[in-house]
Amino acid sequence: MKVLFLAHTEADGSLGKSACEALGAAKGLGGELTVGLYGAEVQKAADQIAGCGAAKFLGVAGADFATARYGSDASACEAMAKAAGAEVIVMPSTARASRVAAGVAMRLGAAIDTRLTGLEAAGGTITATRWFYRQRMVGRIERDARPWLVTVDSGCFTPVEAAGSASVELLSVAVATRTTVTGVKSPAADAQTIRPEAGLLLVAGAGWGKSQADGQKHVDEAAQLILGFLGATQCSLGSSKSLVDQSGEGAALPFLTHMHQVGQTGATPRHPKGLATCCHGEEPHVVGWRFIGERRAVNLDASCGWAQGKADVLYVADAFAVMKKLGELLR
Ligand SMILES: Cc1cc2nc3c(=O)[nH]c(=O)nc-3n(C[C@H](O)[C@H](O)[C@H](O)COP(=O)(O)OP(=O)(O)OC[C@H]3O[C@@H](n4cnc5c(N)ncnc54)[C@H](O)[C@@H]3O)c2cc1C
C-alpha cells in the first residue's frame, strides 16, 4: 500500500504540530510511506521529520506556495499525489489543508473523509473513525475506493519527531490562477481567544453577568478578570450557551461569540484541562466536555450540575474572588 503524507509548511518553514500528528497517523498505517510538502520552502520541514521512515520526500516550493491560495495549493497537492502514485493520502485538518482537500480529491478521482479521529490498518483493511451529529455518535468507516484522501483531527495521534537530513525531490508545478495574495490581515494574537492547542480551557458561564451578593452586576470586572487570566495563561476561552446568547445581544461580555460556545449545540474541544466558572454544568453544556481530560468548576451552588459527578473537583466559592486571587498569584 502506497501512503502519502501531504502537508503545508508554516511561515517559518517548519512543520506544525497538527502536521506532525497527521504524519503519525500516516505512519501508523504501515505500507510504503512518501512525504509530500508544500510551502515557501520545504527543506527545514523535511529535515524535521527526516527519520520518519519515508521512502521518498517530495516537495513543491517557492513564493507561489508561501501562503494559502486555493489554485496553487490544490495544484501542488495534486502533483505530489500523482507523483507518489498514492493509494491513501493523509493530510492534517488545518484550515489551509481543509480548504483544498475536497478539490484535490475531485482532481484525483479519490474518495474523501475529513476530520478523522482514528485511522488503523489490520489485515489489509483500513478503518477510519470519525464523529457525527456534533460528536454524539462515533462512526467507523471502511472503503474499497482508492485513492482515498483523509484529513485527520489534531490531538488524536502521536506527533512524529525525527530530525535529521532529508533529500527532497522538488517537483515543478505551473500555477495558473487569477488570485494574487497581497497580504494577510489577522487579529492580534491576544485578540484570538479560541486556542485549540492550549493546555487549559477556561469556560465562562452566565453567572458572570448576574447580580452578585451586593445586588449589583459586575460585568466590567468579570471581563477584566477573564481577559487577565487569558493573557497570563494563554489558555483558550469557552462559554456556556446562555452567556454567548446574552453577549450576542450586547448584554454581557463583548468578546464572546457563538464560536466560543461549548456543548451539545456548540464545540467539543480537546484540552487536557478545563475550568468552568459561573456555569451551572447542565447536561447540554457538559456534553461538550467529553474530551476534556481533567474537569474543575467554581460555583457558588454546592448542588450545581458539576457536583452531580460531572467535574473531578468542584470549588464551592465565589468565582470573582477565586479568579482575582488566581490573577494575583499568576502576576
Ligand atoms: C437543545 C438544547 C441544546 C443546548 N445546547 C447547549 C450548548 O451547546 N451549550 C450550553 O452551554 N448550553 C446549551 N444548552 C443550554 C443549557 O441547558 C443551559 O441552559 C446553559 O448551559 C446554562 O448556562 P449557564 O450554566 O452559564 O447559566 P445558568 O444556568 O444561569 O448558571 C449560572 C451559574 O452561575 C453560578 N454563579 C453565579 N454567580 C457566581 C459567582 N459569583 N461565583 C460562582 N458561581 C456563580 C450560579 O450558581 C449558576 O449555577 C442547550 C439547551 C437545549 C435545550
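The model is predicted, so local features need pLDDT of at least 70 and side-chain atom pairs count only at pLDDT 80 or more, while totals for chains, interfaces and linings use all residues. Residues are numbered from 1 along each chain as its sequence is written, and side-chain values use heavy atoms, with hydrogens and water left out.

**Strands that run side by side**

- Helices (H or I, at least four residues) and strands (E, at least two) are DSSP runs, numbered from the N terminus.
- Strand 2 (32–39) pairs in the parallel sense with strand 3 (residues 56–61) over 6 bridges; two strands pair if DSSP finds at least two bridges between them.
- In that pair, leucine 37 stands opposite glycine 59 of strand 3.
- Between strand 2 and strand 3 the chain passes through helix 2, and this β-α-β crossover is right-handed. Right-handed here means that, with the strands pointing away from the viewer, the path from the first strand over the helix to the second runs clockwise.
- Strand 3 also pairs with strand 10 (residues 168–170), in the parallel sense over 3 bridges, and there glycine 59 stands opposite leucine 170.
- Strand 11 (residues 200–204) and strand 12 are a parallel pair too, with 4 bridges; valine 203 stands opposite glycine 238 in strand 12.
- Strand 11, helix 5 (residues 219–233) and strand 12 form a right-handed β-α-β unit.

**What is covered**

- Buried means under 20% relative accessible area, exposed over 50%, and partly exposed in between (1.4 Å probe, protein chains only).
- In a regular strand the side chains alternate between the two faces of the sheet.
- Strand 12 (residues 236–239) is covered on both faces: Ser236 and Gly238 on one side, and Leu237 and Ser239 on the other, are all buried.
- Helix 1 (residues 17–27) is mostly covered, with 9 of its 11 residues buried. Among them are Cys20, Glu21 and Leu23.
- The buried residues of helix 1 pack against several elements, including strand 1 (2–8), helix 2 (43–48), strand 6 (118–122) and strand 9 (148–152).

- Valine 88 lies in strand 4 (residues 88–92) and is buried, with a relative accessible area of 1%.
- Contact means heavy atoms within 4.5 Å. Not counting residues up to four places away in sequence, valine 88 touches Met1, Lys2, Val3, Leu4, Leu29, Ile126, Arg146 and Trp148.
- Valine 88 and glycine 31 are 57 residues apart in sequence and 9.8 Å apart in space, C-alpha to C-alpha.
- Threonine 127, in strand 7 (residues 125–132), is buried at a relative accessible area of 13%. Leaving out residues up to four places away in sequence, threonine 127 touches Gly118, Leu119, Glu120, Arg140, Ile141 and Glu142.
- Proline 269 sits in the loop between helix 6 and strand 13 (273–277) and is buried, with a relative accessible area of 16%. Its contacts, not counting residues up to four places away in sequence, are Leu201, Val262, Gly288, Phe291 and Ile292.

**Backbone features to look for**

- Most residues other than glycine have a negative phi, and most peptide bonds are trans.
- A cis peptide bond joins arginine 146 and proline 147, with omega about 0°. Proline 147 is in the loop between strand 8 (137–141) and strand 9.
- Arginine 115, in strand 5 (residues 111–116), has a positive phi near 55°.
- Glutamine 234 also has a positive phi, near 55°, and lies in the loop between helix 5 and strand 12. At 36% relative accessibility, glutamine 234 counts as partly exposed.

**The second largest pocket**

- A pocket is an open set of points on a 1 Å grid over the protein atoms alone, where a 1.4 Å probe fits, with protein on both sides within 12 Å along at least five of seven lines; lining residues have an atom within 4 Å of a point.
- The second largest pocket has a volume of about 500 Å³. Grid points are joined across faces, edges and corners, and a volume is the space filled by probe spheres set on the points.
- Of the 28 residues lining this pocket, Ala206, Gly207, Cys278, Cys279 and His280 lie nearest its centre.
- Helix 6 (241–248), helix 7 (283–286) and strand 14 (294–299) each supply at least two residues of the lining.
- The lining has 9 nonpolar, 14 polar and 5 charged residues. Ala, Val, Leu, Ile, Met, Phe, Trp, Tyr, Cys and Pro count as nonpolar, Asp, Glu, Lys and Arg as charged, and the others, Gly among them, as polar.
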